[in-house]
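Please open the model in your viewer and keep the selection tool at hand. The tour goes from stop to stop, saying what to select and what is found there.

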Amino acid sequence: MRNPKFSHSFEVVWDFPESIKGLKKLAMNFRWAWHHETRDLFRGIDKDLWDGSHHNPIAFLNSIDRQRFARLATDSVFLSKLRVCEDELDEYLSSDSWYSRLPDRAKNERFAYFCAEFGITEGLPIYSGGLGVLAGDHLKAASDLGLPLVGVGLLYARGYFRQRLNPDGWQQEIYPEYDFYEMPLTLIKNGNNDPLRVEVEFPDRTVTCQIWRADVGRIPLYLLDSNVLENAPNDQTITDTLYGGDQEMRIRQEMILGIGGIRA
């Protein structure tokens with residue numbers, strides 16, 4: 001359940017030394033999930049912290065001691081690797097793709113891929129298994145090909161359960177609550193710099209959602225989040241857990257994904 005005393009959101013602003021500010025750009029694009037050199041760059045900073053963050057580069061970077069950053073900012077070997085990763089990301093995003101070179105492609109066309117879960121990486125825990133991994137692979141492949149694709153899904157505050165064994169050897173299900181500002185996500189805002197909202201009409205009320213964007217290489221993945229103050233507490237939890245709740249909750253999630261996703 002949500003804690004009612006938290007009524008304001010906030011964004012963490014990083015204060016990196018100028019020479020290593022490229023780490024933020026690399027962290028905010030999920031291309032690192034299938035780019036070995038960028039993963040190795042993060043892992044090389046502190047392997048234990050990287051693994052402890054479940055390979056979430058934002059939480060990882062926020063946990064690093066500033067003295068460590070100061071040392072990295074003057075480490076010529078690290079800076080050389082960082083520049084290579086930055087240059088490769090820039091080239092990847094700006095270069096011609098297979099799709100852009102097709103002679104008969106339609107202009108301004110766009111395809112939307114709707115799915116209840118996307119398995120991009122464990123650093124974005126909004127998937128449970130095969131369907132999510134398949135959807136994530138579709139986005140990665142579409143990015144490499146340069147397809148005009150947009151992903152649309154739900155952003156689950158508690159994701160799908162993690163498993164652990166108790167001292168007696170019995171499985172326990174753990175539902176951690178995630179901080180979206182500690183993930184490679186961007187809250188979409190309107191011209192007044194307020195969070196952009198979409199509304200979905202239910203039989204007896206209207207549910208409001210905000211929209212987050214995850215950049216998966218060239219592909220934007222838009223994720224709807226019902227945890228906003230305009231909603232009643234029960235509606236704030238619609239996007240709480242993947243496949244959570246009863247059949248009615250599943251229908252609510254499908255309405256948010258389908259109707260809200262189209263409007264988003």
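Which residue in E8 does Gly-153 stand opposite? Select both strands to find out: Gly-153 stands opposite Leu-223 in E8. This is a predicted model, in which local features need pLDDT of at least 70, side-chain atom pairs count only at pLDDT 80 or more, and totals for chains, interfaces and linings use all residues. Residues are numbered from 1 along each chain as its sequence is written, and side-chain values use heavy atoms, with hydrogens and water left out.

Select residues 149–154, which form strand E2; helices (H or I, at least four residues) and strands (E, at least two) are DSSP runs, numbered from the N terminus. Six of the six residues of E2 are buried, where buried means under 20% relative accessible area, exposed over 50% and partly exposed in between (1.4 Å probe, protein chains only). In a regular strand the side chains alternate between the two faces of the sheet. Here Leu-149, Gly-151 and Gly-153 lie on one side of E2, with Val-150, Val-152 and Leu-154 on the other, and both faces are covered.

Now include helix H7 (residues 130–145), which together with E1 and E2 makes a right-handed β-α-β unit. Right-handed here means that, with the strands pointing away from the viewer, the path from the first strand over the helix to the second runs clockwise.

**Two buried residues**

In the loop between E1 and H7, select Ile-120, which counts as buried at 3% relative accessibility. A distance drawn from its C-alpha atom to that of Leu-224, 104 residues apart along the chain, gives 16 Å.

Move on to helix H9 (residues 247–263) and select Gln-253, which is buried with a relative accessible area of 5%. The side chain of Gln-253 reaches the backbone oxygen of Thr-241 at 2.9 Å.

Definitions and conventions
Two strands pair if DSSP finds at least two bridges between them. A polar contact is a pair of N or O atoms within 3.5 Å; within protein, one must be able to donate a hydrogen and the other to accept it, and residues adjacent in sequence count only if both atoms are side-chain atoms.
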